[in-house]
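Trainee: I should like to learn how to read the features of a model of this kind. May we work through one together?

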Amino acid sequence: MNSEAATLESAVDAWTAAWSHRDTKTIVSLWDEQDAQSSYLPAERHDPLIGSAAVTNYVKTTCTLYNTVRHRAEGVLTRRLSPSLGLAFYELSWMLADDRGPIGGTCRVTAIWRNREDQWHLFHYAEAPLAPLLELQAYYESVAADGLDAIPQRGME
Amino acid sequence: MSDLQIEIADLVKRYVACSETMDFEGKKRLWDLDDPLPLLMPEEAHTPLVGWKAIEAYWSKSRVVMETLKSQSANHTARKIDSDITLATYDMRWIATLAGPKEIPRKPISADVRVTALLRQKPEGWRFFHLMEGPVDLMAMTRAASARRAEELFPSSR
């Protein structure tokens, strides 16, 4: 891995770590606030958030709504597209928890970064979950793997 | 719509149209063949397909897995992010019938995916080198399914 890729990987690490700490200030600082057309497509939305105000609002809302946020990037692939552009692709494992308990999953991420004054700033971020049909099948298979005896006992007998 | 958006939307439509005849050679011609590490992330694949060998193997398998496949794109955007690189996004609806024994009737299944693509300008035109398909997540799709059922059951409640 060359040093440029390592730097981009460090930016990915900083991004996921900031999410895991619900550190909105750092998350927003890693976003390209100068780019009016920057776009962020979360896994749960049909349409992207456009511009830093919309992204900042989303980040702050998510970090406020949940008591715990965990992000982990795995299999990170990076490419320098030009002197000022970097592409990162990875699988994101995520978890959000509130008083109802945790929810989580994985999705694939395409993240495009712009280097300005030797700092990487994200200006396009898109999350792509595995097809829900397969997610559901995997859930059914995981319950089958638990076995019949794992049927939840609800203390009603 | 800018000239770039028109050009990219036209390219995407040609790319998506190749699915109907499972013309994967046609699809490949719209990729940057000089790129040694193109990346394709289909929604049903568990890991990204990196490099031509992996992508071609996936396309070959698609011919076996699906009996029919139709696709259509919409909501195209294109943004030049460097002198020779464009970021494109679009939505794609696919309708497929999975291959299987003839005696078992199968209904087509369909979903919409949100696509993020990167294209490089080549002498022959814009060509893909990174393409990621992503549906909305399971929770959002469950919500959409439930909203559809509500509409079916109580059409006047809207």
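Trainee: Where is the place of A:Arg22 in chain A?

Mentor: A:Arg22 lies in the loop that links α1 (3-20) and α2 (24-30) of chain A; helices (H or I, at least four residues) and strands (E, at least two) are DSSP runs, numbered from the N terminus. Please note that this is a predicted model, in which local features need pLDDT of at least 70, side-chain atom pairs count only at pLDDT 80 or more, and totals for chains, interfaces and linings use all residues. Residues are numbered from 1 along each chain as its sequence is written, while chains are lettered from A and ligands numbered from 1 in the order in which they are written.

Trainee: How do β5(A) and β6(A) pair?

Mentor: Strands of a sheet pair through backbone hydrogen bonds, either parallel or antiparallel. Here two strands are taken to pair if DSSP finds at least two bridges between them. Ten bridges join β5(A) and β6(A) in the antiparallel sense, and A:Arg108 has A:Ala128 of β6(A) as its bridge partner. Their hairpin has two residues between the strands, and A:Glu117 takes a positive phi near 50 degrees in it. β4(A) and β5(A) are likewise antiparallel, with 14 bridges, and form a hairpin with two residues between them. A:Met95 stands opposite A:Gly104 in β5(A).

Trainee: What is the order of the strands in the sheet of chain B?

Mentor: The order is β2-β1-β6-β5-β4-β3, in an open sheet of six strands with mixed pairing. β2 (49-50) and β3 (66-82) of chain B stand at the edges with a single partner strand each, so one side of each lacks a neighbour in the sheet. Strand β1 (residues 39-41) of chain B pairs with β2(B) in the antiparallel sense over two bridges, and B:Leu39 is opposite B:Val50.

Trainee: Why does the span of helix α3 of chain B agree with expectation?

Mentor: The expected span of a helix is 1.5 Å times one less than its number of residues. The 14 residues of α3(B) (residues 52-65) should therefore span 20 Å, and the end C-alpha atoms are 20 Å apart. This helix is hardly covered, with one buried residue among its 14. B:Ser60 belongs to α3(B) and counts as exposed because it has 10 C-beta neighbours inside 10 Å.

Trainee: How many residues of the two chains are in contact?

Mentor: Two residues are in contact if their C-beta atoms, placed from the backbone, lie within 7 Å. By that criterion, 27 residues of chain A are in contact with 25 residues of chain B. On the chain A side, β3 (68-82), β4 (85-98), β5, β6 and α4 (132-146) each supply at least two residues. For the complex, the predictor gives an ipTM of 0.90 and a pTM of 0.92.

Terms used: Buried ≥ 20, exposed ≤ 12 C-beta atoms within 10 Å, placed from the backbone.
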